[in-house]
Amino acid sequence: MKFFKLFEPLKINNMTISNRIVMPAINLNYANDGFITQKLIDFYVERAKGGAAMLIVGGCYIDLYAKGHPMMISIENDKYLPMLTELTKAVHNARSDVKVCCQLYHGGAYTYPQIIGRAPIAPSAVYSKFSKATPREMTLDDIKNEQQAFVEATLRAKKAGFDAVEICANAGYLMDQFLSPLKNKRTDEYGGVLENRIRFPIETIELMRSSAEDFNIGYRISGDDFVPGSNTYKEKAIIAEILGKHLDYLNVTGGWHVTKTPQTTMDVPEGCYTYLAENIKKHVSIPVFASNRINIPELAENILMAGKADAICMGRTLIADPYLPIKAKRGELRDIMNCVGCNQGCFDSIFKLSSVTCLRNARAGNEARTELKPLKEKKKVMVIGSGPGGLEAARVAAMRGHDVHIFEKEDKIGGLINIIWVPPGRNEFKRMIENYTYWIQKYGITVHLQEKVNLDKIKEYNPDVVFVATGSKPILPPITGIDRGNVYWANLVFSGDAPIGKNSVIIGGGATGIELAIYLAKYGALSREAFDFLTFYKALEPDVALNMLHGARNKVTVLEQLPKLGSALGKTTKWVMLDKCDALGIKMLTSVNVTEIGQNYVSYMDANDTEQVINDVDMVYYATGVKPNDNLYSELKELGTYSVVKIGDAKKPETVMEAVSRGYKVGNSI
Ligand SMILES: Cc1cc2nc3c(=O)[nH]c(=O)nc-3n(C[C@H](O)[C@H](O)[C@H](O)COP(=O)(O)O)c2cc1C
């Protein structure tokens, strides 16, 4: 594919960015007490080397009232200047034409009282579902103080060597709170009609502008708050038109954190929210950035070519592959390790107060300590099993120059990945298989499919090292009737090896059980393509077609022993999945113990220890966990002839992210 637009420079006020790929602000949780750390510098240096035109660092909190997270970067006073300067120097030294922008953050009502040790401040004392607190209404002095904090932070950013600042005014933060009739109930000159509600942002920008002349000021705006009663894309276009006259660029993202419309999860179609940037672009004359789920350069080019935006924010996908821009420029598209939108290492991590990592990229946030080690002695490596851990270990070992041979008992590589991309909205995991298929060819890895390995085979092959990545097997719950003919392991549904029930019971409401419930409820639904086709030709009424697309077709009941469902699901994905279950009418029962699976029924003890029965059940599936499938490993250890390492579920049942991370370490260790 040819890129006509993606690598064109773009002039933004008095700076020119070298291409159209921007890394938006991502609070990585790498700062220490507000200070920039070496880990953070290493992260951005790698992204500078990778070819992105501009790196937006932050959010950086501008004062204590603004502080959203304990491990955020601070720009609240001069003691942070030396390390902020170290960062900009290191990034500019890594690539002279990269621009680095500082995102100025103020959470307003989103700020947690337990983090700042006092009540948060906001335009009005309106309860925030996000912080679970009611803020104190800002006095006129507070307004002046916060505006001054923005000004001082801007001056500090300029002094530290940043090329621009961006106001974090999206997602329902302080600026959005002033703009929203839902959050701004003031009766003075900062509340009421839009002209008043927009006063705080305009005054702030103008104060920043007059204090830091010739500096570039951008603004991140929610393209639609997606909150009933707040600003929609229509009002946001008017707001952008007014604000645009005071700014150098607008960075358009999706809705608020508290919206019930998913913004970043894997089921959000790629490029879904670019219409929001397009909507705003029609009303302003400054550059407009598009954002959210733009994971591949082909899509970025397409958005630019269609004139929907002037630059593209690629956030998580540059965590997954910092070298995406360079690879795209060279036409090495199959080599790009793009984000799959799982959120496990990034969003879900920061909600657990951990640092950002990445399911796809074991090096993210660990750049200095994970350089590929030079090869001391070329070894013959046998990798048994081609799930995520085995494939990653094979890739890394082969990249370093080892002679790597993968043995897979099935007729295709991927192992567990072939299961996890099947449920609705999980399709992007398939890209992992496409990547590894390419790397197998690129790094000269030999693959033996449909080969079951035993000790004799290993002796015949005589490797120097064996990586045992033989995966896991299901834990069979000790329930009367579990051996009946209509009872199947959940994963067999996803691999196409189990029939689909019309009225099913799923034992186990963890991540797999919930994925399965949605899959079964919707099994046989109209495809999106058919929906598109039939409604285009007006062959079917849109509401009937919509029901055929989204409605449930099968009855499903989930029985979970624990008091909560989806315990292994990350925060950002869990609510989306549970909302879907509700919409599909899936019955989900917690704190129950299944006692018997009978002919056409399942009985269980409910939370009150009363026996209940579900009748007319045609299929039962169990998703009650897995255990290591490590027999071969034990045999090899007993033999004692070879150097053997266990990876992935064969070591201990773990997430795909943990398997990839371990695979990287193992592949880099021999
Ligand atoms: C861990 C994490 C932290 C984020 N922190 C910020 C932030 O501080 N400011 C901001 O404007 N956006 C923040 N974002 C949102 C991203 O900038 C981006 O809009 C979002 O990830 C969607 O784009 P993507 O699909 O390209 O990743 C964050 C995203 C992640 C994953």
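**Figure 1. N196 in helix α6.** N196 sits in helix α6, which spans residues 194-197. The model shown here and in the other views is predicted. Relative accessibility at N196 is 16%, so the residue counts as buried. Setting aside residues up to four places away in sequence, N196 touches D188, E189, Y190 and G191.

Figure 2. R363 belongs to the loop between α13 (347-351) and β14 (380-384). Its relative accessibility is 15%. The cut-off for buried is under 20%, so R363 counts as buried. Leaving out residues up to four places away in sequence, R363 touches E46, T370, E371 and Y664. The contact with E46 includes a polar one: the two side chains are joined at 3.4 Å. Y664 is 301 residues from R363 in sequence. In space, the C-alpha atoms of R363 and Y664 are 8.5 Å apart.

Figure 3. The ring centres of F43 and Y44 lie 5.1 Å apart. Their planes meet at 85°, so the pair is edge-to-face. Both F43 and Y44 are buried.

**Figure 4. F407 and Y461, an aromatic pair between a strand and a helix.** The F407 and Y461 rings are 5.0 Å apart, centre to centre. With 90° between the planes, the pair is edge-to-face. F407 lies in strand β15 (residues 403-407), and Y461 lies in helix α17 (residues 455-461). The pair therefore ties together parts that are 54 residues apart in sequence. Both F407 and Y461 are buried.

**Figure 5. An aromatic cluster.** Which residues form one aromatic cluster? The members are Y105, Y110, Y112, F130 and Y173. Four of these names begin with Y, for tyrosine, and F130 is the phenylalanine.

**Figure 6. K430 over the ring of W421.** Here a lysine meets a tryptophan ring. The charged end of K430 sits over the ring of W421. The distance from that charged end to the ring centre is 4.2 Å.

Key. Residues are numbered from 1 along each chain as its sequence is written. This is a predicted model: local features need pLDDT of at least 70, side-chain atom pairs count only at pLDDT 80 or more; totals for chains, interfaces and linings use all residues. Side-chain values use heavy atoms; hydrogens and water are left out. Rings of Phe, Tyr and Trp (its six-membered ring) pair if their centres lie within 6.5 Å; planes under 30 degrees apart count as stacked, over 60 as edge-to-face and the rest as tilted. Buried means under 20% relative accessible area, exposed over 50%, partly exposed in between (1.4 Å probe, protein chains only). Helices (H or I, at least four residues) and strands (E, at least two) are DSSP runs, numbered from the N terminus. A charge sits over a ring if NZ of Lys or CZ of Arg is within 6 Å of the ring centre and within 35 degrees of the ring normal. Contact means heavy atoms within 4.5 Å. A polar contact is a pair of N or O atoms within 3.5 Å; within protein, one must be able to donate a hydrogen and the other to accept it, and residues adjacent in sequence count only if both atoms are side-chain atoms.
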